Amino acid sequence: MRLPLWSVLPFVGVVLCVAILPGLTPRFWKKYKELLLATLGMPILSLSAAINYHWVVTAFTDYVTFICLLGALYTIGGGLYVHGTPKANPVTNLGFMVLGAIAASLIGTLGASMLLIRPLLRSNRGRKHEAHIVIFFIFIVSNAGGLLTPLGDPPLLLGYLLGVPFWWTLKLFAIWFFVITSLLGIFAALDSYFYLNDPDFRGPVKQDIKANFRIVGRWNLALVMLVIISLLAPRYLPDYDLWQAAARTSGLVLVMYLSRRVTPKQVEVLNNFSWEPFKEVAVIFAGIFATMIPAINYLEHNASQLGINSPWSFFWFSGALSGVLDNAPSYAAFFALAQGLGKDFSMLTLSTGQTISEPLLIALSCGSVFFGAMTYIGNGPNLLVKAVAEEEAVKMPTFFGYLLWSVSFLLPVLLLTAILFFES
């Protein structure tokens, strides 16, 4: 069953609204974004349900799980406070990025982002140029760093749930290392240039610098294990998607509740914790999930005719879609395509007993994760990091302004990655 091609237009409308309206008419967007996105999304949901209600049920359960995962990690990150602020310079900033890139695969890109973005911003408060730090933080910590485990990024977690062995992603280490070190090198050069041309910057106040470096609210770190259990344990329940989704969601909601209970009030004040950034992200992704059904449907029926049948094409097409669509559903669409493209000499046996082309899976995994940083809406942490930075008075670029940064600095690295690892 197929949806008509014109039904993709509301999805395009959602992307354009998110790209244009916050910068063009911020008051209108803030006041009417829910109504606008609902107007675009509800007709498509009704049409999709009339043709195949399973599409809507799947989109709804995926959205709820996605938002609850974001909420759990956002709450945990907001409940942690890194006490003590090192004076910002290119070396300490680079250290933050390296630590974030490693932590992203251990506690997820969102967990690492929420843990480190606030101390990084405090350290650099008062600099003439701060936006580039947040942009490269999104590139490195909020996206590329999460490639090495299924816990790192939602697409890889989805792959694990679809049967990819848990430790398989460690095979991607060479590609991860190349992309991370390339981005770190570019960031170090750029940050050094801005730092040397900012002679008036004196760093954070003395009492912050001298304070002992420690993490307050450490009970939240223990809740990361509960997040992992909530995501993975439902897989062993009876094979019924709604039961598994309900169990997963209940566990993540429990994490949010426990995090609020164990977090000292002082941490909330120090972190300037607010639900507003999370609410905005939830509304935007509701619009995306509601209107993306026709786009995924079209891709599933036409990808093979578009010539998407090689690691090179999987890397670029899955990446391009991940940049404007949440990267988890993009991954799911291409995963299904890779399973249906026949056999090659290197097949991976999934825990479900099915097989998938390993070269295509490698390209798909890398494209979905790396290209999530191309736009603000490519991956959930991107918008949250942007919102936290703006709350800290950092003037962030618009949607297209950010896209200019990603095309200028991230895209060349991804082109080299494709040439080195995926060229046929």
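Residues are numbered from 1 along each chain as its sequence is written. Because the model is predicted, local features need pLDDT of at least 70 and side-chain atom pairs count only at pLDDT 80 or more, while totals for chains, interfaces and linings use all residues; side-chain values use heavy atoms, with hydrogens and water left out.

Helices here are DSSP runs of H or I with at least four residues, numbered from the N terminus. Beyond its neighbours within four places in sequence, Met97 is in contact (heavy atoms within 4.5 Å) with Leu120, Ile133, Phe136, Phe137, Ile140, Val141, Leu184 and Phe187.

Helix 18 (residues 399–421) has a kink of about 40° at Leu410, shortly before the proline Pro412. The bend at a residue is the angle between axes fitted to the seven residues ending there and the seven starting there. Leu410 is also among the buried residues of helix 18, together with Phe399, Tyr402, Ser406, Val413, Leu414, Thr417 and Ala418. Buried denotes under 20% relative accessible area, exposed over 50%, and partly exposed in between (1.4 Å probe, protein chains only). The cover over these buried residues includes helix 1 (9–24), helix 5 (131–140), helix 7 (173–196), helix 14 (311–324) and helix 16 (358–370).

Charged pairs complete the description. Side chains of opposite charge can pair when their charged atoms come close. The whole structure holds five salt bridges, each a side-chain nitrogen of Lys or Arg within 4 Å of a carboxyl oxygen of Asp or Glu. In one of them, Asp191 pairs with Arg127, with the closest N and O atoms 3.0 Å apart. This pair links distant parts of the chain, 64 residues apart: Asp191 lies in helix 7 and Arg127 in the loop between helix 4 and helix 5. Both Asp191 and Arg127 are buried.

Lys171 forms a salt bridge with Glu358, the closest N and O atoms being 2.9 Å apart. Here Lys171, in the loop between helix 6 (154–161) and helix 7, is joined to Glu358 in helix 16, 187 residues apart. Lys171 counts as exposed because its relative accessibility is 54%, whereas Glu358, at 10%, counts as buried.

Conventions. Helix = DSSP H or I, 4+ residues; strand = E, 2+ residues; numbered from the N terminus.
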